Amino acid sequence: MENGNSELLQEFTEEQVAKLDEIIARFKGKPGGLIPCLEEAQVVLEYLPLPVQKRIAEGLNLPLAQVYGVVTFYSFFTMEPRGRHTVRVCLGTACYCRGGKALAENMEKNYHIGEGETTEDRRFTYETVRCLGACGLAPVIVVDENVHGRIKAQKMKAVLDEYE
């Protein structure tokens, strides 16, 4: 599978590409192997850009459109790099009224990213949500699986500094 190797090596290490090739080889010719192949590839590479999808399509002898269709259909798969930590800012009614909007603005201003984007250093991926079900703690942010309630915009940086 030399085709596309140089394109992959720009973004990924030789070790990651070798692991990708091992994954593809294990699923080649197995019915229903595409989704588990993509899952394992995403664990190794963290995301599935088009050159990776092409390599998987070639390796599994599938049309690229089929691979792309699966990647874009399932929300688990991502074509963009994600941060080591996901920061979700609640903008539900209670959180919004108690300062959620200021938290969202703080995230965008201080980390130079918009909703759905990842910081350049891949530390954080920022998302907004409509309700986290923790209205009594409003405003709320969730970092990975950790809920932080009654957060003030000026204290948000201190909370996020805990996550490297």
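View 1. C90 sits in strand β1, which covers residues 85-90. Strands here are DSSP runs of E with at least two residues, helices are runs of H or I with at least four residues, and both are numbered from the N terminus. With a relative accessibility of 2%, C90 counts as buried; that word stands for under 20% relative accessible area, while exposed stands for over 50% and partly exposed for anything in between (1.4 Å probe, protein chains only). Leaving aside residues up to four places away in sequence, C90 touches C95, G100, V129, R130, C131, L132 and V140. A touch, or contact, is heavy atoms within 4.5 Å.

A word on what you're looking at: this is a predicted model, in which local features need pLDDT of at least 70 and side-chain atom pairs count only at pLDDT 80 or more, while totals for chains, interfaces and linings use all residues. Residues are numbered from 1 along each chain as its sequence is written, and side-chain values use heavy atoms, with hydrogens and water left out.

**View 2. Four cysteines from a UniProt record.** Under "binding site", an unreviewed UniProt entry lists C90, C95, C131 and C135. They span 46 residues in sequence, but no two of their C-alpha atoms are more than 9.4 Å apart, so they gather at one spot. Keep in mind that such annotations may be inferred rather than shown by experiment; the positions follow the numbering used here, and feature names are shortened.

**View 3. C135 in its loop.** Look for C135 in the loop between β2 (124-129) and β3 (140-143). Is C135 buried or partly exposed? C135 is partly exposed, at a relative accessible area of 40%. Not counting residues up to four places away in sequence, C135 touches A94 and R98. T93 is 42 residues from C135 along the chain, and their C-alpha atoms are separated by 8.5 Å.

View 4. Helix α3 takes in residues 34-45, 12 residues in total, and reaches 16 Å from its first C-alpha to its last, close to the 16 Å expected at 1.5 Å a residue. That expected span is 1.5 Å times one less than the number of residues. Which residues of α3 are buried? They are L34, C37, L38, A41, Q42 and L45. Seen down the axis of α3, these buried residues fall within an arc of 130°, so they line one face of the helix. The arc is taken from the directions from the helix axis to the C-beta atoms. An α-helix has 3.6 residues a turn, so residues three or four places apart point the same way. The buried residues of α3 pack against α2 (14-27), α4 (50-60) and α5 (64-73).

View 5. Overall, the protein chain has seven helices and four strands.
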